[in-house]
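Please open the model in the viewer and keep the selection panel at hand.

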Amino acid sequence: PRLKLVGSRHPVIEAISRSAFVPNEVELDSEERQIVILTGPNMGGKSTYLRQAAVAVIMARAGSFVAADHAEIGDIDRVFTRVGAADDIARGESTFMVEMTEVANILRHATASSLVILDEVGRGTATFDGLSLAWAVVEALHGGDGRLRGLMVLFATHYHELTDLASRLSRVGNASVAVKEWQGHVLFLHRVVPGPSDRSYGIH
């Protein structure tokens with residue numbers, strides 16, 4: 001499994017946006033960069049980055065064009081996603097329960113050839129509970145030498161503590177969405193750069 005996109009774009013957002021879409025690079029592989037922890041500000045483009053990677057894989061497997069200048073898409077059997085917030089109150093399932101059920105489904109059914117995109121796992125409960133769950137999910141997906149080793153993951157989060165996993169797990173890397181502070185304003189550059197972010201600019 002391998003995913004390398006140069007000048008990657010989200011074709012739907014690019015088509016409907018009034019401003020120019022900022023392309024980005026995506027690089028994942030099963031040996032050295034299996035999991036990327038993506039941090040950065042709200043509205044900075046983390047969710048778009050995750051989705052455009054998944055869309056590229058699905059479009060390529062369907063025989064379509066890929067919205068990128070260059071693409072190398074290896075043997076990926078399925079794309080698993082945990083994004084957005086939804087509930088099913090009529091069945092007694094809160095947003096947190098739906099999230100955990102979807103994560104459990106991914107951990108149960110993903111293979112070493114899957115692509116997983118996770119957006120804000122653990123946000124529906126207390127901070128330390130959510131952080132602990134998110135941390136455990138990353139460790140499980142890393143897989144050690146087990147069934148999930150090699151599975152590729154993009155994991156967007158506001159839990160900056162998760163960036164420490166890059167120094168603890170061999171195939172985990174950090175990336176962040178670039179921000180510029182200028183004259184008291186926060187400017188979103190929509191560029192994904194190496195390394196972690198130190199804050200989310202929520203109060204801003």
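**A guided tour of the predicted model**

Begin by selecting Glu99, which is buried, with a relative accessible area of 3%; the model is a predicted one. The residue belongs to helix α3, which spans residues 95-109. Display next the surroundings of Glu99: apart from neighbours within four places in sequence, it is in contact with Arg82, Glu120, Val121, Gly122, Arg123 and Gly124.

Now show the whole of α3 together with helix α4 (residues 127-142); their axes come within 11 Å and cross at roughly 15°. The limit for roughly parallel is an angle under 35 degrees, and α3 and α4 are therefore roughly parallel to each other. Their crossing is left-handed.

To inspect the contact itself, select Phe96, Met100, Val103, Ile106 and Leu107 in α3, which meet Leu133, Val137, Ala140 and Leu141 in α4. Classified by residue type, this contact comprises 9 nonpolar, no polar and no charged residues.

Move on to strand β7, residues 152-156, where 5 of 5 residues are buried. In a regular strand, side chains alternate between the two faces of the sheet. Colour Met152, Leu154 and Ala156 as one side of β7, and Val153 and Phe155 as the other; all of these are buried, and both faces are covered.

Strand β3 (residues 35-39) runs parallel to β7 and is joined to it by 4 bridges; here Ile35 stands opposite Val153. Strand β6 (residues 115-119) also pairs with β7 in the parallel sense, over 5 bridges, and Leu115 has Met152 as its bridge partner in β7.

Note on methods: Residues are numbered from 1 along each chain as its sequence is written. This is a predicted model: local features need pLDDT of at least 70, side-chain atom pairs count only at pLDDT 80 or more; totals for chains, interfaces and linings use all residues. Side-chain values use heavy atoms; hydrogens and water are left out. Helices (H or I, at least four residues) and strands (E, at least two) are DSSP runs, numbered from the N terminus. Buried means under 20% relative accessible area, exposed over 50%, partly exposed in between (1.4 Å probe, protein chains only). Contact means heavy atoms within 4.5 Å. Axes are lines fitted to C-alpha atoms, for helices over the stretch in contact, and angles run from 0 to 180 degrees between N-to-C directions. Angles under 35 degrees count as roughly parallel, over 145 as roughly antiparallel, 65 to 115 as roughly perpendicular and the rest as oblique. A crossing is left-handed if the near helix is turned anticlockwise from the far one by less than a right angle, and right-handed if clockwise. Ala, Val, Leu, Ile, Met, Phe, Trp, Tyr, Cys and Pro count as nonpolar, Asp, Glu, Lys and Arg as charged, and the others, Gly among them, as polar. Two strands pair if DSSP finds at least two bridges between them.
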